[in-house]
Amino acid sequence: MIGLYSLRHICKNVSVGEPGSLKLKVLFFGATAEAAGTRSTVLEIPPGAASGNALKKVLELYPELASHKLLFSVNQTYARGDEPLNTGDELAVFTAVSGG
Amino acid sequence: MDFFELTTDPIDITSVSRRVIPPECGATVTLDGYVRKFTKGRETLYLIYEAYEPMALKEMQKLILQAKTDFEISNVGIVHRLGRLEIGETSVAISVAAPHRRAAFAACEWLIRELKRTVPIWKKEVYADGEEWIEGDRGAVV
């Protein structure tokens, strides 16, 4: 019972966002995953925010990313910054690619 | 038949090359990209490749469609390896089949150049004395 109470308490604290806010899935790879210390997170942004606003918020949350030359995508397509966002969208933040 | 794949298994370069051949073609150009031991004098022990897999596959498909629009070629196959690769192992194979060789050479060169610029795959170089994720020198890809 104590465990259950604690979990609900924590969830209550972390899940309450702005009314109508959007929830994005954020992914990191390679150098950005190492810099952020995680491979994914969930980001809440105000309704109407564009992809560039979301990227800015990611950089505020993970300032270690700022020293890298970054690219980003929305729903697996390269983004420019003006793309409108919806709840459930997938934002990925990564460095200039180096495959081949 | 065109194909684009990511795999953690070793790449069989001959089978990639033979899979793209249709009857109207007379030449297949295949790039065998493999792990280099020395880069700018520094010794690599092995590489780790990582991809944003669903986006990498989409970008590979886009490259094939674009190449088939811009060059007189018939079929393209691209296979990129992920995970740990030892020195000399194939990291990427690109095969282009065409009625005539010239277009196949040109398309293959264009495909590897664009793949290295746009497909979300990264390599980590593990050296005798450290390791680093390699960051491409290209800016925003839009």
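How many of the 100 residues of chain A count as buried, as a percentage? The share is 46%, where buried means under 20% relative accessible area, with a 1.4 Å probe and protein chains only.

This is a predicted model, in which local features need pLDDT of at least 70 and side-chain atom pairs count only at pLDDT 80 or more, while totals for chains, interfaces and linings use all residues. Residues are numbered from 1 along each chain as its sequence is written, chains are lettered from A and ligands numbered from 1 in the order in which they are written, and side-chain values use heavy atoms, leaving out hydrogens and water.

Let's start with chain A. Its secondary structure comes to three helices and five strands, and from the N terminus on they run α-β-α-β-α-β-β-β. Here helices (H or I, at least four residues) and strands (E, at least two) are DSSP runs, numbered from the N terminus.

Now for the rings. Rings of Phe, Tyr and Trp (its six-membered ring) pair if their centres lie within 6.5 Å; planes under 30 degrees apart count as stacked, over 60 as edge-to-face and the rest as tilted. Over all chains, that rule gives seven aromatic pairs. In one of them, A:Phe94 and B:Tyr52 are edge-to-face because their centres are 6.3 Å apart and their planes stand at 65°. A:Phe94 lies in strand β5 (residues 90-95) of chain A and B:Tyr52 in the loop between β4 (42-51) and α2 (53-70) of chain B, so this pair joins two chains. A:Phe94 is buried at 0% relative accessibility, and B:Tyr52 is buried at 1%. Ring pairs also link both of these residues with A:Phe29, A:Tyr78 and B:Trp122 into a cluster.

| Charged residue | Ring | Distance from ring centre |
|---|---|---|
| B:Arg19 | B:Phe3 | 3.7 Å |
| B:Arg84 | B:Tyr46 | 3.6 Å |

Beyond its neighbours within four places in sequence, B:Ile78 is in contact (heavy atoms within 4.5 Å) with residues including B:Phe3, B:Met60 and B:Leu111.

Key. Buried means under 20% relative accessible area, exposed over 50%, partly exposed in between (1.4 Å probe, protein chains only). A charge sits over a ring if NZ of Lys or CZ of Arg is within 6 Å of the ring centre and within 35 degrees of the ring normal.
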